[in-house]
Amino acid sequence: MNATHNTGLAGDKQRETRSLGFNIGIPRTWEIHFSLRFIDSITENKYWILAVAVWLSELPKPQLGEPRDLSTLRMQPAQDDVLTLSQTLDGLLGKDTVQVELIPEKKGLFLKHVEYQVTSQRYKISVYRRYSDFDVFHEVLLQRFAYRVVPALPPKRMLKGVLTSLSEREFIEGRRRGLGRFLNLVARHPFFSEDELVKTFFTFSGSDVQSKLRDTCKKTGDEFMINRIATQAKEYLPADIQAQFSTSREMIRNIHNSFQRLRDRAEKMVERSKDNASDLLMFGKELSTLGSDASPLPSLASSQSTWGTLRQSLKSLSVEFAVLSDKAAQQGRREEDDVVEKLNLFLDLLQSYRDLCERHEKGVLHEHQKALHKYSVMKRQMMSATVQHKEQASVEQLESRIVQQENAIQTMELRNYFSLFCLHQETQLIFTYLPITSHILGSFVNSQVQGHREMGEVWSDLQPKLGCLFSGNNGLKHSI
């Protein structure tokens, strides 16, 4: 029985050993080299375990690195696609919606300051800003993102003594709308929207937001200093980048001109709606004036004249015309808010693109050319100093200046390519916004449909009331 038990145990050892060899990859020669008896004895010995441990230690080990290196594993865009903006219009519009409301604030007898309540849907907070805060925000944005489309601010004031009180109110309202467009374009920009400057402007509730903005800008520098591919921008640019830029610039210029004309026509429609509202109201008031005349009819009037009864009915019609005036005014506001404002939003973006193109040509390229000219002058001075055998100290100083200028030129060249890189992306941004045309047309059609329906309902309600005035003819059966 013991023999049987030992034999069974040996068989178990054998199966266990072979199974172990299969699972961990022990070389087949081990099973051939050792007899079952030797294996049976060595499994009871710690040296066999040590041998396996040594063999396992010789297997390759994965290099996990340090925990602090995990930050470098964040998802990055594909290297071949860094130039392309993967954005849609709906995605841009969904980034944020900013409301700017006017809060008049008077200080002193003569000075009047205007404060704005700025509410970001994304950050779910309201802050209070002066125009000077917007001005500093715009300033630091241009410093940080000199190679991007930074929308312009509306003017702070107009010429004193020229505006009446009514036109001044209109100017302040127009400036409020302009500030709202500026903030919405900034908050929806694919690069601005994630920047600390933007978050600071929308969320900082301290007493000195201007100093906070300037300090934030100084800590990091401009985009060229913080962008990870700024110095390699040339590698990602297509060979025909200049030709693409020229073609796109001309196309966008034509689009800009067309949208300006569309905006001008839309503004005229708004003015017509407002004038229509004013005319309808005055029309009703004149009817009321006629109806309010209580003078007795002269003896010359026919005994069959119905003027006495008619003029009493005219007074009540002024109510319906006041309603019609209100509907026309609402139509004008819809056209202004839904159509003109969206046209102005896109026009602000188009104008900022044209400003960016000018900054590229008159700024980066111009400075690069000036640096090259200065470098050529210094090289000629160096050649002249060598030929004339000037003092060694003077020659060394000139050599040092040349090296500094070479470094400056190299930096300018890198900035020039990065400027082109950003310009290429901003051009894509303009074309991403182009489908806003369908939004504008949809708003225009909807505003007209709603306005005509509401006006038609009031006119329809008014028509039966005229039956009392014209004996059921409604003034339509007999032409004059």
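A residue is called buried when its relative accessible area is under 20%, and exposed when that area is over 50%. This tour applies those terms to a predicted model.

**First stop: R181 and E341**

Select R181 and E341. Both residues are buried. Their side chains form a salt bridge, in which the closest N and O atoms are 2.9 Å apart. The pair links distant parts of the chain: R181 lies in helix α7, E341 lies in helix α13 (residues 307–387), and 160 residues separate them.

Now extend the selection to E173, R176, R177, D337 and D348. Together with R181 and E341, these residues are linked in a network of salt bridges.

**Second stop: R144 and D195**

Next, select R144 and D195. This pair also forms a salt bridge, with 2.6 Å between the closest N and O atoms. Distant parts of the chain are linked here: R144 belongs to helix α6 (residues 131–144), while D195 sits in the loop between α7 (165–187) and α8 (196–203), 51 residues apart. R144 and D195 are both buried.

E267 has a relative accessible area of 34%, so it is partly exposed.

The pairs visited up to this point may be set against the total: a search of the whole structure finds 18 salt bridges.

Select K124, in the loop between β2 (112–120) and β3 (125–130). What is its phi angle? The phi of K124 is near 55°, which is a positive value in a residue other than glycine. K124 counts as exposed because its relative accessibility is 70%, and the cut-off for that term is over 50%.

**Last stop: G94 and R122**

Finally, select G94, which is placed in the loop between α5 (89–93) and β1 (98–106). With a relative accessibility of 62%, G94 therefore counts as exposed. How far apart are G94 and R122 in sequence and in space? They are 28 residues apart in sequence, and their C-alpha atoms lie 9.3 Å apart in space.

Key:
Residues are numbered from 1 along each chain as its sequence is written. This is a predicted model: local features need pLDDT of at least 70, side-chain atom pairs count only at pLDDT 80 or more; totals for chains, interfaces and linings use all residues. Side-chain values use heavy atoms; hydrogens and water are left out. Helices (H or I, at least four residues) and strands (E, at least two) are DSSP runs, numbered from the N terminus. Buried means under 20% relative accessible area, exposed over 50%, partly exposed in between (1.4 Å probe, protein chains only). A salt bridge is a side-chain nitrogen of Lys or Arg within 4 Å of a carboxyl oxygen of Asp or Glu.
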